[in-house]
Structure formats: C-alpha cells, structure tokens
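Subject: Structure handover

Hello,

Here is the structure I said I would pass on. Please open it next to this message and follow along.

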Amino acid sequence: MPRSVLTRIIARLTPPLRAPHCPRISVHLNQDRSSLERGYHPGDPLTLVYRHRMPALAPATTDRVILDSIFLAINDCPAPGYDHLDHHWAALGLRSLSIGDVVVIGRRAYACQHFGWDRIRTRV
C-alpha cells in the first residue's frame with residue numbers, strides 16, 4: 001500500500017486536535033448612573049477597563065460559568081484561575097461589576113442584570 005494512501009487512512013481515523021479554549025474577554029463599565037436601576041440599554045456609554053485572553057479552559061466550560069467567575073473575581077471573591085483579574089481590578093481601584101455593565105466573551109456580549117446575565121447585541 002503506498003504511503004500516501006496509508007497516511008490518508010490514518011488521518012481519517014485520528015480525531016483532529018482541538019485548539020485549547022482560550023476566549024478573549026473584555027469588561028466594560030456602564031457610565032450611566034441610572035443603569036444600576038434599569039440595567040443596560042443600547043447606546044449607554046461604556047468604558048473598556050479590561051481586556052485579556054483567558055487561560056485554557058475545558059471545552060465544556062459555558063459562558064455562564066465564565067461570567068459568574070468574572071463577576072466573583074471582580075467583586076473580590078476570585079475562583080482559581082481568575083486571581084489575575086482580582087489583582088488587576090484592585091491595582092486600578094475600579095468599582096465592582098454591577099447591573100448594567102457588559103462583559104464580552106469572544107464576540108458574545110452579556111449585560112449584568114439584577115439576577116444573572118442577558119445576552120445583548122451590541123458593538124463594544
């Protein structure tokens with residue numbers, strides 16, 4: 001059997017290597033004071049305060065897990081792997097993550113709500 005045929009057979013039988021799941025995240029603080037009561041509205045003034053590529057995560061890690069971990073880290077209760085975010089936040093003296101603020105994971109944006117997160121369509 002020619003080598004090229006054997007190489008193609010092995011390639012079909014071997015699952016492709018998956019790139020590690022290292023999403024880029026960014027955190028945007030809402031500058032509209034009324035957002036604390038009403039939440040995020042399109043057009044609210046947002047200030048980018050953090051952008052970073054996360055360390056490799058398990059492929060099954062959901063956006064909700066990432067969002068909740070970011071929220072806890074920024075509000076001074078970091079989960080393992082999110083310590084850098086807590087230190088960054090403290091060094092800059094930024095306020096806590098609150099209702100109306102926006103976190104972007106890759107190209108998916110989420111607004112912090114009274115309870116949980118809402119996916120939003122916005123360019124940030």
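Below is what was found in it, one place at a time.

Please keep in mind that this is a predicted model.

Aromatic pair

A search through the whole structure turns up one aromatic pair. Its members are Phe71 and Trp117, whose ring centres are 6.5 Å apart. The angle between the ring planes is 85 degrees, so the pair is edge-to-face, as planes over 60 degrees apart count as edge-to-face. Phe71 sits in helix α3 (residues 63-74) and Trp117 in strand β5 (residues 117-120). The two are 46 residues apart, and the pair links distant parts of the chain.

Are these two residues buried or exposed? Trp117 has a relative accessibility of 14% and counts as buried, because the cut-off for buried is under 20%. Phe71 has a relative accessible area of 29%, which makes it partly exposed.

Asp63

Asp63 is also in helix α3. Its relative accessible area is 14%, so Asp63 is buried. Which residues does Asp63 touch, leaving out those up to four places away in sequence? They are Ile105, Arg108 and Tyr110. With Arg108 there is also a polar contact between the two side chains, at 2.6 Å.

Ala79

Ala79 is in the loop between α3 and α4 (83-92). Ala79 counts as partly exposed, at 22% relative accessibility. Ser69 is ten residues away from Ala79 along the chain, and the C-alpha atoms of the two are separated by 6.2 Å.

Regards

Key:
Residues numbered from 1 in each chain as written. Predicted model: local features only at pLDDT ≥ 70, side-chain atom pairs only at ≥ 80, totals over all residues. Heavy atoms only, no water. Phe/Tyr/Trp six-rings, centres within 6.5 Å; stacked < 30°, edge-to-face > 60°. Helix = DSSP H or I, 4+ residues; strand = E, 2+ residues; numbered from the N terminus. Buried < 20%, exposed > 50% of the residue type's maximum accessible area, 1.4 Å probe, protein only. Polar contact = N/O pair within 3.5 Å; in protein donor to acceptor, adjacent residues only side chain to side chain. Contact = heavy atoms within 4.5 Å.
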